[in-house]
Amino acid sequence: MRKGDGTFMKAKTRKRMIMMLAAVLTTTALTAACSNSPEETTGDKGNAEATANLTQTGLPIVKEPVTLKVFGCKDPNHADWKDVLIFQEYEKMTNVKLQFDELPSNTQGCDEKRSLLFAANELPDIFLRANLSNTDIARYGQQEKMLIPLEDLIDKHAPNLKKIFEQYPEVKKTVTAADGHIYSLPTVRLQTSGRSDKIWINKEWLAKLNMKAPTNTDELFTVLRAFRDNDPNGNGKKDEIPLGLRDIGMVYSAFSGAFGLEQQMGYQLNIKDDQAKIWLTDDRFKELLQFLNKLYGEKLLWQDFYAGDIPKWRSNLSQALIGMFFIQASDPFLQVENQFTGMAPIKGPYGDQTHSATGPIAAPIGTFAISKENKHPEAAIRWVDYFYSEEGSKFFQYGVEGQTYTMKDGKPVINDAIKNDPRGFMAALGQVNLVPGGSFPHVVTDKFGNIVENDKVLELNKFIESYLPKTVHGAPIFDKETSDAIIPIKADIDKYVRESVAKFIIGELSFDKWGEYVATLKKMKIDELEKAYQKAYDAKK
């Protein structure tokens, strides 16, 4: 939202005051945090009254109602959380009442407020969908002890999550910090379609041009040039966008698998023979950028891809103006989704054909955490554990049977009134649950699937399933010493790479400067960053 000058100055002043207050209060917060030993914060030795009030299995979770304070970040499509249907219903089911403090996630306000809560030691009982990063988890969990360890609580009171950890050890490894404790919980996507961008291509354009989906880089150029030159949408205008990468981040994933490059440990690195290798300086990455530069130069690639204008990209998508693109689900273009089909990833110049636009089973990992102020941690862990069951996943995604969905052939089907709401599917869904925007602690399984992934999406997933990496390792939670050393390095490297990549692709930076680019990254200590990832990988083998 564009602010007037007066509002802008007030915002700057407010932000400055927040930063100053945070600095003043940090020492106090650290002292307060350190005064709590792990034994005092695990919750299982809490007061006898809270323990007596807890039920051991089933619902309700507590015999007499308890209230927990919750802080989180609200997607623009969400209703006020107190008005969200599943929260209202779950309170009746559990006897656990949530007192919400949520701020919009599409502004800096939510992240600022979260940081201020930690700095002032004014913690909620639960951080829910609060944008907790791995750095936050490391700092406020293993370092400052403001988030409590969860593994004992999980072992005793979270049978659904415990079962997932046993069946999928990589999930537990992903959420375990360097000190061996678990401080936050993830979204768990057991269904492969839930963690991968699909490759969409306009089948009506292909049919009109009597062409097939491309299988390699040469064929890709041929198809995209035909999309550009032959008016496949038949409107007499040259408004087709042959290839629509939605933002600069897609550079690292959309076609990287065709050049033998994967996205491991949440970064631009490959793991081969137990060696973690950052590929940002590799010749293969240079060739990928040259390939994209050629696409851009021929106006085959969306000319504004680097600007990050997602609303504009979605608008083009909803009008079926893009011939080929990558996205997980079809909710932004439901009305035209049947114009598209799927395709396998293209084969690259060296024969590589991996689909790298995918993520680990557990991601993001900072969706839920319990603070040291929580007097009912057992109730809190039992509250969240329900969403890691199949029944809880169905409830979270679809709401109340007979009210928001019906069962058909063993599958939940959302009501047409929600699916076809004039405000849009996601806006309507945001009245029912917190699915829009993701980042809620729950599991997605094949049994009930992902509500935003309809039959069309599942159909397209079949095109890429056999090309996914066998294992995708999650981003590590580094220890304090490593974090202090590499976080500034990584931040500088990421900024420099992002700027350089955009310039290489759009032609503002000649590939004759590639050697200087590599030398700069060496000076910025990319080798030290690589060693940190190697250490983290070795620790979890």
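Ring pairs join W81, F87, Y90, F100, W383, Y386, F387, F395, F396 and F440 into a cluster. Two rings of Phe, Tyr or Trp (its six-membered ring) are paired if their centres lie within 6.5 Å, and the planes are stacked when under 30 degrees apart, edge-to-face when over 60 and tilted for the rest. The model is predicted, so to speak of local features requires pLDDT of at least 70 and side-chain atom pairs count only at pLDDT 80 or more, whereas totals for chains, interfaces and linings use all residues. Residues are numbered from 1 along each chain as its sequence is written, and side-chain values use heavy atoms, with hydrogens and water left out.

By the ring rule, the count comes to 43 aromatic pairs. The rings of F333 and F340 have centres 5.8 Å apart and planes at 80°, so this pair is edge-to-face. Both F333 and F340 are buried, a term for under 20% relative accessible area, with exposed meaning over 50% and partly exposed in between (1.4 Å probe, protein chains only).

Aromatic rings also meet charged groups. A charge sits over a ring if NZ of Lys or CZ of Arg is within 6 Å of the ring centre and within 35 degrees of the ring normal. K294 lies over the face of F221, at 4.7 Å from the ring centre, and the charged end of R246 sits over the ring of W313, 6.0 Å from its centre.

A cavity is a set of points, on a 1 Å grid over the protein atoms alone, where a 1.4 Å probe fits but cannot get out; lining residues have an atom within 4 Å of a point. The count comes to four cavities of 30 Å³ or more, and the largest cavity has a volume of about 70 Å³, a volume being the space filled by probe spheres set on the points. I199, A254, F255, G257, A258, M324, F326, P345, I346, T354 and H355 line the largest cavity. By class, this lining has eight nonpolar, three polar and no charged residues; Ala, Val, Leu, Ile, Met, Phe, Trp, Tyr, Cys and Pro count as nonpolar, Asp, Glu, Lys and Arg as charged, and the others, Gly among them, as polar. One of the lining residues, A258, is 271 residues from L529 in sequence and 25 Å from L529 in space, C-alpha to C-alpha. L529 belongs to helix α21 (residues 526–539) and is buried, with a relative accessible area of 0%.

Helices (H or I, at least four residues) and strands (E, at least two) are DSSP runs numbered from the N terminus, and two strands pair if DSSP finds at least two bridges between them. Strands β12 (residues 405–408) and β13 (residues 411–414) run antiparallel and are joined by four bridges, with M407 opposite P412 in β13. The two strands form a hairpin with two residues between them, and D409 in the turn has a positive phi of about 55°.

Further backbone features occur in loops. N95, in the loop between α4 (85–94) and β2 (96–104), has a positive phi near 70° and is partly exposed, with a relative accessible area of 22%. N131 has a positive phi of about 60° in the loop between β3 (126–128) and α6 (134–143). The peptide bond joining L59 and P60 is cis, with omega about 5°, and P60 is placed in the loop between α3 (48–53) and β1 (66–74). A cis bond also leads from A363 to P364, with omega near -10°.

Key: 1 Å grid on protein atoms, 1.4 Å probe; cavity = no way out; pocket = protein on both sides within 12 Å on 5 of 7 lines; lining within 4 Å.
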